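Please look over the sequence and the structure shown here before reading on. The paragraphs after them are meant to be read with the model open.

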Amino acid sequence: MSNGFSKRRLAAGAALVVAALVGTTACGGSDDEDSAGAGYNAGIGKVANASKDKGGTLRFIGKQDFDSTDPQRAYYGMTWDFMRFYTRTLVTYDTKPGVASNKLVPDLAAAPATVSKDGKTYEYKLRDGLTWEDGSKLTSKDIKYGIERIWAGDVITGGPQYLKSVLDPKGEYKGPYKDKTADRLGLKAIETPDDQTIIFKLPKPNVDFEQMLAMPSGSPVKQEKDTKAKYTQRPFSSGPYKFQSYDAGKGAVLVRNDKWDPKTDPIRPALPDKITVTINKNQAENDKRLMDGDYDLDINGTGMSMSGRTTAITDHKSSVDNMPTDFVRYVALITAAKPFDNEHCRKAVFYGTNFAALQKTRGGEVAAGEIANSVFPKAIKGHSDYDPYGVLARKGKPDAAKAKAELKECGKPNGFSTKITARNNQPGEVEAATALQEQLKKIGISLSVDPLDGAESSSITGSPTVVKKRGYGMTMSGWGPDFPSGQGFGQPLWDSRFIAENGNYNEAQLRDKAVDKAFDDAIAAKTPEEAAQIYTDMNKRILDQAVWMPFIYEKNISWRGPNLTNVYSSAAYSGRYDYVSLGVKQDEKK
């Protein structure tokens, strides 16, 4: 009885949200906005509450902790967004609303790179006056050392591997902790002829190279302050804020870094005096406290709970943004796990899934996003209307007959048993996995759901050994582009050369040389149009193999606290608010 009641409440909540978003209340009248916020969707495509006022405390709350505060180990979008408070890179994304934020601008660099005609050499000159939080000079060698840490994969786990792949494709360098040179700066692909100059020498050109430098993995690390795996407990700041405290799983406090010189940093306005982060695993409680004014913003940026959405849209619509994102919600089918080593068993899952029901579980099309058919989000060139399983043609409904035919073809006419992981601190993920469990049961597939803490995913679903030991066959997750290209979205997910023992994001464990070659060909393409066609063909190949099942192009109902200033959605951070620009109103600060 309680389950039936719960499902009815969920459906009713979704109906209220959808009704409010299309401009009506549950009673059918017009939806008048309250006066507390800047207006519904005020943070999309424009700046809400623009202000240069400094002071106050910016208060974040979230259900899920950072995956790591170490810049070379972090891979969560919300962590990358937050890191601009205390890390800097040679280049970074512009602080402007919407797609304008995708523009790369100099950060630690004084000017754009000087690039050789063959596209294989990038030279940067650093700004004068760069310092660490202790007042010591930040040099080109600090940037090189920070990047070198990516190679220490046995210690520095979880972060993106692009720079390692591009600068040292043969894997000759072993990382700074095994470096036998006197200064532990032995990576040959990076040269630092003086403290103000850094030169990158690529074995072959890569059009997205500067996008890779803009990720936190391109951040400097002061060698004397590197505590290796423990660095995440207390990173050393090169930005306007530094850590006063960090307690994993509970929260963090950042205060002003008085050694940071705003004259050296055109990106960060550094408006708040203090930044606090509180981690509380109860999403519904977090939403209530946001609406009560105890906090300003959800740091996770993955949207409100269903109950929170309903209340926010009904009572506080002017403080809500219905945020479009570049995230795709998906299920990876692990090809190394039986019976998913058989393509037909994987296809049975595609046909047996009720995509429309998964969409409804997450809040419906208006609130949660459109049903997905392509492995690429719509903003990435490579997305297409290719629909081999008829998902869009059937409006997301399953095809039980075809699912059972595929089961028969793979030698499992009566179905089989498997396990799926879902993160219990991602809104709607466990619920979606549970809905999928009920759907696949109808075609004979017995699916058990294993909820995980998302902060531990890089060492669980990101470890092929752990995945095999625990008997997982499927992983539910979400992914947004590391940078806006087919390479930036898909290479960690589908290139077999990116499979790692820890921090692996090729969760399907796809080992397809044709896909690997396609990435190489697209990266070397002479025109964007040529690369786009290669990625379009790749989309088809991955879907045809049924290894990666996209089900939603995500939208979020996001709370924009009325106390916030300079709030806008940033395409560079997949639709999240650009945290580094935020301030708090001085007449309302708490």
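What follows goes from the strands to one helix, then to the aromatic rings and a few backbone features.

This is a predicted model, in which local features need pLDDT of at least 70 and side-chain atom pairs count only at pLDDT 80 or more, while totals for chains, interfaces and linings use all residues. Residues are numbered from 1 along each chain as its sequence is written, and side-chain values use heavy atoms, with hydrogens and water left out.

The elements named below are DSSP runs, numbered from the N terminus, with helices (H or I) of at least four residues and strands (E) of at least two. Two strands are said to pair if DSSP finds at least two bridges between them. In that sense 5 strands form an open sheet with mixed pairing, in the order E8-E9-E10-E1-E11. Its edge strands, each pairing on one side only, are E8 (241-247) and E11 (297-298). Within this sheet, E1 and E10 (residues 274-279) run parallel and are joined by 6 bridges, and Leu58 stands opposite Ile275 in E10.

A further set of pairings involves strand E17, which spans residues 548-559 and is mostly covered, with 11 of its 12 residues buried. Here buried means under 20% relative accessible area, exposed means over 50%, and partly exposed lies in between, for a 1.4 Å probe and protein chains only. E17 pairs with E12 in the antiparallel sense over 10 bridges, and Arg329 is the residue that stands opposite Ile552 in E17. Strand E13 (residues 369-371) also runs antiparallel to E17, joined to it by 3 bridges, with Glu370 opposite Tyr553 in E17.

Which residues of H12 are buried? They are Glu429, Ala432, Ala433, Ala435, Leu436, Gln439 and Leu440. Seen down the axis of H12, these buried residues fall within an arc of 160 degrees (taken from the directions from the helix axis to the C-beta atoms), so they line one face of the helix. An α-helix has 3.6 residues a turn, so residues three or four places apart point the same way. Gln439, which is found in H12, is buried with a relative accessible area of 9%. Leaving aside residues up to four places away in sequence, Gln439 touches Gly352, Thr353, Asn354, Ala357 and Leu358, where contact means heavy atoms within 4.5 Å.

The aromatic rings give another view of the model, since a pair of aromatic rings is described by the distance of the centres and the angle of the planes. Rings of Phe, Tyr and Trp (its six-membered ring) pair if their centres lie within 6.5 Å, and planes under 30 degrees apart count as stacked, over 60 as edge-to-face and the rest as tilted. A search of the whole structure finds 32 aromatic pairs. In one of them, the rings of Tyr75 and Trp80 have centres 5.6 Å apart and planes at 15 degrees, so this pair is stacked; both residues are buried. Phe82 and Phe85, by contrast, form an edge-to-face pair, 5.2 Å centre to centre with 75 degrees between the planes. Phe82 is buried at a relative accessible area of 1%, and Phe85 counts as buried at 1% relative accessibility. Ring pairs also link Phe82 and Phe85 into a cluster with residues including Phe60, Phe66, Tyr86 and Tyr579.

Charges can also sit over rings, which requires NZ of Lys or CZ of Arg to be within 6 Å of the ring centre and within 35 degrees of the ring normal. Arg149 lies over the face of Tyr231, 5.0 Å from the ring centre, and the charged end of Lys228 sits over the ring of Tyr177, 4.9 Å from its centre.

A cis peptide bond, with omega about 5 degrees, joins Lys338 and Pro339, and Pro339 is found in the loop between E12 and H8. Asn49, in the loop between helix H1 (2-21) and strand E1 (57-62), has a positive phi near 55 degrees although it is a residue other than glycine.
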